[in-house]
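Subject: Structure handover

Hi,

Here is the structure I promised to pass on. Please open it before you read my notes below.

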Amino acid sequence: MIRALGQEPYFADRLALQDSGHGFLLVAWEAERALGDVYVWLAPAEEPELRTHLPGVALLTHLEVVPQRRNQGIGTELLRAAEERLTAMGHEQVALGVGLDNPSAQRLYRRHGYEEWPHGKVGTTQVVYRADGERELRPELCRIMVRRLNHHHPHDRATGQR
């Protein structure tokens, strides 16, 4: 996984959080090569706006696909797998934050039924895991997008998948 995706400090942190019941990491594989990942945050949100308006809602974080395999459905499969697992766990909705400078991700989420919430943009903290193991915290303004999990999206019916 580290060989394909790098970010060893990030994955060490997420796997430790997963072991403590904080959330879970999903990885898309082809043979023995990692193609992408998403972390599903189940603990209370760090941002007060999310705790107020979406208490207890799972958050999708750090969805990524290796550059040479983008736009091949891998991000969609990671979204679908996370949503299916959350539905099985009894969650009725899921949310995520997407940077204002990432229109391609915003389009992906909208295509899959995510809608921007009505409470405005939220200041979040982007954590950059440096090669030396240190973490750098950077402020980031995000759109918060939400999807109800117990409702099918028209795109899902067209593909015959949920």
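Which glycine follows helix 2, and is its phi positive or negative? Glycine 21 follows helix 2, and its phi is positive, near 85°.

Some ground rules. This is a predicted model, where local features need pLDDT of at least 70 and side-chain atom pairs count only at pLDDT 80 or more, while totals for chains, interfaces and linings use all residues. Residues are numbered from 1 along each chain as its sequence is written, and side-chain values use heavy atoms, with hydrogens and water left out.

Helix 2

Helix 2 covers residues 8-19. (Helices are DSSP runs of H or I with at least four residues, strands are E runs of at least two, and both are numbered from the N terminus.) From first C-alpha to last, helix 2 reaches 16 Å, close to the 16 Å expected at 1.5 Å a residue. (The expected span is 1.5 Å times one less than the number of residues.)

Tyr10, Phe11 and Arg14 are buried in helix 2. (Buried means under 20% relative accessible area, exposed over 50%, partly exposed in between, with a 1.4 Å probe and protein chains only.) Seen down the axis, the buried residues fall within an arc of 90°, so they line one face of the helix. (The arc is that of the directions from the helix axis to the C-beta atoms.) Glu8 and Asp19 are exposed, on the face turned away from the buried side.

Salt bridges

There are nine salt bridges in the structure. (Each needs a side-chain nitrogen of Lys or Arg within 4 Å of a carboxyl oxygen of Asp or Glu.) One of them joins aspartate 13 and arginine 14, at 3.1 Å, N to O.

Arginine 80 and glutamate 77 form another, at 2.8 Å, N to O. Both lie in helix 4, three residues apart, about one turn of the helix. Arginine 80 is buried at 8% relative accessibility, whereas glutamate 77 is partly exposed at 42%.

Arginine 147 meets glutamate 83 at 2.5 Å, N to O. Arginine 147 lies in strand 7 and glutamate 83 in helix 4, so the pair ties together parts that are 64 residues apart in sequence. Arginine 147 is buried at 2%, and glutamate 83 is buried at 4%.

Arg110, Glu116, Lys121 and Arg143 are linked in a network of salt bridges.

Best wishes
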